[in-house]
2 protein chains.
Amino acid sequence: MKCNAYEIFFMNFANKTKLDIIYSLREGPLSVLEIAQKIGEEQSKISHNLRKMSECRLLNVEQRGKQRIYSLNRETVIPMLELVEKHVKTCCCAGGCSKLK
Amino acid sequence: MKCNAYEIFFMNFANKTKLDIIYSLREGPLSVLEIAQKIGEEQSKISHNLRKMSECRLLNVEQRGKQRIYSLNRETVIPMLELVEKHVKTCCCAGGCSKLK
DNA sequence: AGAACATATGAATCCGTGTTCATATGAAAT
DNA sequence: ATTTCATATGAACACGGATTCATATGTTCT
């Protein structure tokens, strides 16, 4: 397919694993394993997702010994989360848009 | 599946048709056919997308005669677009995140 | 009521993303 | 150099959203 930058951008928020990753990093940087443990998912799954998210600059990476430390691009991600949280709270019956199907 | 409100929210931005719809409505409300013509897609395709987007309150609907007039929930959508545009401009090499794959 | 227009809906299919599992790469320590 | 730890990568598969096509619903007008 030929995704433009905007589609790719939003795709990096539009799934549970990626959102879990974002929230796990909200309080500060973590290594891959730390993220995986924190949200209870496999390392490989996390790695694949981290890749796309940092390709799109939603995340920053930094090597520290054997580990890679990932952190949020807070300038973009935090305002984004605030927007969604506000929207969901005010527009979506306090907790859930009607489920698709 | 069991999508939470946040996933659903972002899914409603994360595809070309939906983004096209959003941009077609940026300057003002339109009917279904007007949207379809403006972006060159089938009516049915547009309708399906409009449904999900308004379920999630990204769009407002209003009946006017035979037509249904759709408009942006500007309070949420406009700031969202500004965020992405800024991000893509500053972080993604002026035009494109590295393509997935 | 019937015709014409506008939109929505259902079901089937297509297609792509996300996951999985196995394995490769890389980095530090012994 | 080899072992161990940490992460990335590749390929195959599965699942689910998006599209398509046909048809239903709804609205207005005559």
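Glu75(B) and Lys86(A) form a salt bridge in this predicted model, with their closest N and O atoms 3.5 Å apart; the term denotes a side-chain nitrogen of Lys or Arg within 4 Å of a carboxyl oxygen of Asp or Glu. Two salt bridges are found across the interface of chain B and chain A.

The side of chain B that touches chain A draws two or more residues from each of helix 1 (5-11), helix 2 (16-24), helix 4 (43-55) and helix 5 (74-91) of chain B, helices being DSSP runs of H or I with at least four residues. Helix 5 of chain B gives the largest share, 11 residues. The contact (heavy atoms within 4.5 Å) takes 39 residues from chain B and 40 residues from chain A. About 3700 Å² is buried between the two chains, 72% of it on carbon and sulfur atoms; this is the accessible area (1.4 Å probe) lost on putting the parts together, summed over both.

DNA strand D has 27 residues around it, among them Ser47(A) and Thr17(B), where near means a heavy atom within 4 Å.

| Protein atom | Atom of DNA strand D | Distance |
|---|---|---|
| Val32(A), backbone N or O | phosphate oxygen | 3.2 Å |
| Lys18(B), polar side-chain atom | phosphate oxygen | 3.2 Å |
| Gly65(B), backbone N or O | sugar or linking oxygen | 3.5 Å |

Residues are numbered from 1 along each chain as its sequence is written, with chains lettered from A and ligands numbered from 1 in the order written. Local features need pLDDT of at least 70 and side-chain atom pairs pLDDT 80 or more, while totals for chains, interfaces and linings use all residues; side-chain values use heavy atoms, leaving out hydrogens and water.

Terms used:
A polar contact is a pair of N or O atoms within 3.5 Å; within protein, one must be able to donate a hydrogen and the other to accept it, and residues adjacent in sequence count only if both atoms are side-chain atoms.
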